[in-house]
Amino acid sequence: MANDNHGPHGRLPEAFASDVQIENVSKSYRLPNGTDMLALDRFSLSVKAGEIVSLIGPSGCGKSTLLRTIAGLERPTTGKVSVAGKPIDGPSAARGFMFQDPSLFPWLNVRHNIQAGLVARGVLHGRRAEVEEFLNVVGLAPFAELHPHQLSGGMAQRAALARALINDPQVLLLDEPLGALDMFTRMRMQDEVLRLWRLRHVTMLLVTHDIDEAIYMSDRIVVMSPAPGRVERIITVPLDRPRHRNDARFFDLRAEILEELHFAGD
Ligand code: ADP
Ligand code: MG
């Protein structure tokens, strides 16, 4: 497991979290038969700098579309997204992305995967020490020479997390990043992500199907409607951090969200 000797005064440079404004964003896709399919319908959300917001909703309701739009990989059909007051006009290292599939470069070892973004931007030379720092922070220093196929799922996700965070993103977009992990690894990784969030103070949008994960991680939970995705409800998580998974209020919130998603049963 990662060592924890970095605390709030760790040597990693301070990242600057930014607010994210999503205003009336609709997105439709042109299907091969020529019809348009509405994936997002006038979606609005204001995320504060440094906030963690989870998005939950049925499959196909536009969660990935929304994250890709914030990443600048898609353009909204109407509406706009801005980060720190600036409209998004394409992908940027200021917005880190992490997917369920860690999508590491298979031909690079862990260290080279983590520093790939620095190499691409031509800034590795001045930041080699930081690469070693990040290897330590995510507990992968002993495994720096290993290649992706030699890593467990949790290790691969820690490498992907370090790779996203080393670019000092103002916003980290997480699309079911822990969905493929077993329950125990997943809970450890949730703590890992929270620890890095405290360290870097990054704004996070997290897509998850796991209600407990949403409650454990986020300041607010956005429940989305079935397709086309709209904001159905926003639930503020009133629990202090660090949170306790067996807190009675945790169970109450879970019941409330299940009810909202119509999965509470009779
Ligand atoms: P979610 O992540 O909530 O499961 P997605 O954002 O992946 O949902 O997809 C929302 C809807 O948009 C789905 O019906 C999906 O098939 C459609 N969609 C997503 N990407 C594309 C695309 N590039 N072209 C056409 N349709 C797409
Ligand atoms: Mg998705």
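Two strands are counted as paired where DSSP finds at least two bridges between them. In this predicted model, four strands form an open sheet with antiparallel pairing, in the order β2-β1-β4-β5. β2 (36-47) and β5 (86-87) each have a single partner strand and stand at the edges, so one side of each lacks a neighbour in the sheet. Five bridges join β1 (residues 20-30) to β4 (residues 78-83) in the antiparallel sense. S26 has T78 in β4 as its bridge partner. Helix α1 (residues 63-71) packs on the sheet and touches β1, β2 and β4. The direction of α1 makes about 115 degrees with that of β1.

A helix pair was also examined. Helices α4 (residues 128-137) and α6 (residues 183-200) pack at about 140 degrees, with axes 12 Å apart. Angles over 145 degrees would count as roughly antiparallel; α4 is therefore oblique to α6. From α4, the residues E130, F134 and V137 meet E192, R195, L196, L199 and R200 of α6. This contact comprises four nonpolar, no polar and four charged residues.

The largest pocket has a volume of about 450 Å³. Its lining numbers 18 residues, with R95, G96, F97, R163 and N167 closest to the centre. β6 (95-99), α3 (116-120) and α5 (153-165) each supply at least two lining residues. β6 gives the largest share, four residues. By class, the lining has 10 nonpolar, five polar and three charged residues.

The second largest pocket holds about 210 Å³ of space. Of its 16 lining residues, I56, G57, P58, L261 and F263 lie nearest the centre. β9 (220-224) and α8 (248-260) are the elements that give two or more residues. Nine nonpolar, five polar and two charged residues make up this lining.

Note on methods:
Residues numbered from 1 in each chain as written. Chains lettered and ligands numbered in written order. Predicted model: local features only at pLDDT ≥ 70, side-chain atom pairs only at ≥ 80, totals over all residues. Heavy atoms only, no water. Contact = heavy atoms within 4.5 Å. Axes fitted to C-alpha atoms, helices over the stretch in contact; angles between N-to-C directions. Parallel < 35°, antiparallel > 145°, perpendicular 65-115°, else oblique. Nonpolar A, V, L, I, M, F, W, Y, C, P; charged D, E, K, R; others polar. 1 Å grid on protein atoms, 1.4 Å probe; cavity = no way out; pocket = protein on both sides within 12 Å on 5 of 7 lines; lining within 4 Å. Points joined across faces, edges and corners; volume = space filled by probe spheres on them.
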